[in-house]
Structures are given as structure tokens and as C-alpha cells.
Amino acid sequence: MKTITPQKRKRMLDAFLVLPFMIALTNTVIYFALWRTDPLIRFSHMLWALGFWMMGTLAMFAVIVTARQKSGASIYLLILSLAAIALAVYFTPLSRFTNLFPTQASLILPASIGAFNLLTSWLIAFRLRNKIVEPQIY
């Protein structure tokens with residue numbers, strides 16, 4: 001089994017740093033420009049689902065990297081990634097999201113949780129990139 005080179009890890013982590021913001025910006029433009037119905041619900045749903053997708057994929061990335069480096073993949077990271085991806089898959093249809101959060105006032109909670117998940121995942125990816133990958137390249 002081949003190990004992941006530091007340059008490849010750096011490229012993967014760079015994608016984790018850039019892609020969520022590109023996706024959020026693209027979805028925001030689409031939501032407010034094209035879909036005039038319920039932009040707040042759609043924006044909250046986007047933050048909610050994107051936060052869980054980001055958290056799940058980052059945790060799965062950590063499991064794969066630790067397994068390939070033979071440093072012992074954490075079962076907790078695997079459980080976290082599977083739970084986050086399962087939540088993202090379950091709540092990706094807008095109808096399931098609106099069933100859980102039916103009123104406009106209740107949309108603050110999923111938007112906050114999604115933004116928190118997104119920010120936390122981004123900070124973890126940034127820290128991984130700076131602390132683990134950068135010193136190994138030079």
C-alpha cells in the first residue's frame with residue numbers, strides 16, 4: 001500500500017480550504033438569483049447540509065491518512081465521519097429539512113449549526129495543513 005506524499009496531502013487540504021467557500025458562494029448566488037421562493041429556508045438548508053458534508057469528508061480523510069501512514073486509524077473518527085455523512089444524506093432533500101424545521105424562526109438553529117460545522121472543519125483543515133503538511137514539504 002502506497003503512502004500519501006506530503007505534496008498530495010497539501011493539495012487535498014488546499015481543496016478542503018477552498019471548495020466549501022466556492023460551493024457556498026455558488027449556491028448563494030443560485031438561491032438568491034434563480035429561486036425566489038423561500039431563499040432563507042434554502043440558505044439555511046445549504047449551510048446545514050454543507051456543514052455535515054464537510055465534517056464527514058474531513059473526518060474520513062483523517063481516517064484514510066492515518067490508516068495509510070500506519071499510525072492507527074481512530075474508530076471515533078470513523079464513527080464521526082459515518083454519522084456526519086449519514087446526516088448529510090438524510091437531510092439533503094429539502095422536504096426532510098423543512099419537516100424538521102417548519103417555521104422561519106426555527107431556521108436560526110440549523111444555520112448556526114451548519115456554519116459552526118463548516119467553520120470548525122475549515123479550521124481543522126487549516127491547522128492540519130499548517131502543522132502537519134507544511135513542515136514535511138521543506
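How much space lies in the largest pocket? The answer is about 340 Å³, a volume being the space filled by probe spheres set on grid points joined across faces, edges and corners. This is a predicted model, in which local features need pLDDT of at least 70, side-chain atom pairs count only at pLDDT 80 or more, and totals for chains, interfaces and linings use all residues. Residues are numbered from 1 along each chain as its sequence is written, and side-chain values use heavy atoms, without hydrogens and water.

**Pocket**

- A pocket is an open set of points on a 1 Å grid over the protein atoms alone where a 1.4 Å probe fits, with protein on both sides within 12 Å along at least five of seven lines; lining residues have an atom within 4 Å of a point.
- The largest pocket has 21 lining residues, and L58, A62, L77, I124 and L128 lie nearest its centre.
- Helix 5 gives the most to this lining, 8 residues; helices are DSSP runs (H or I, at least four residues), numbered from the N terminus.

**Helices 1 and 2**

- The axes of helix 1 and helix 2 are 10 Å apart, at an angle of about 170°; axes are lines fitted to C-alpha atoms over the stretch in contact, and angles run from 0 to 180 degrees between N-to-C directions.
- The two helices are therefore roughly antiparallel, a term for angles over 145 degrees.
- K70, which follows helix 2, has a positive phi near 55°.

Technical notes:
Angles under 35 degrees count as roughly parallel, over 145 as roughly antiparallel, 65 to 115 as roughly perpendicular and the rest as oblique.
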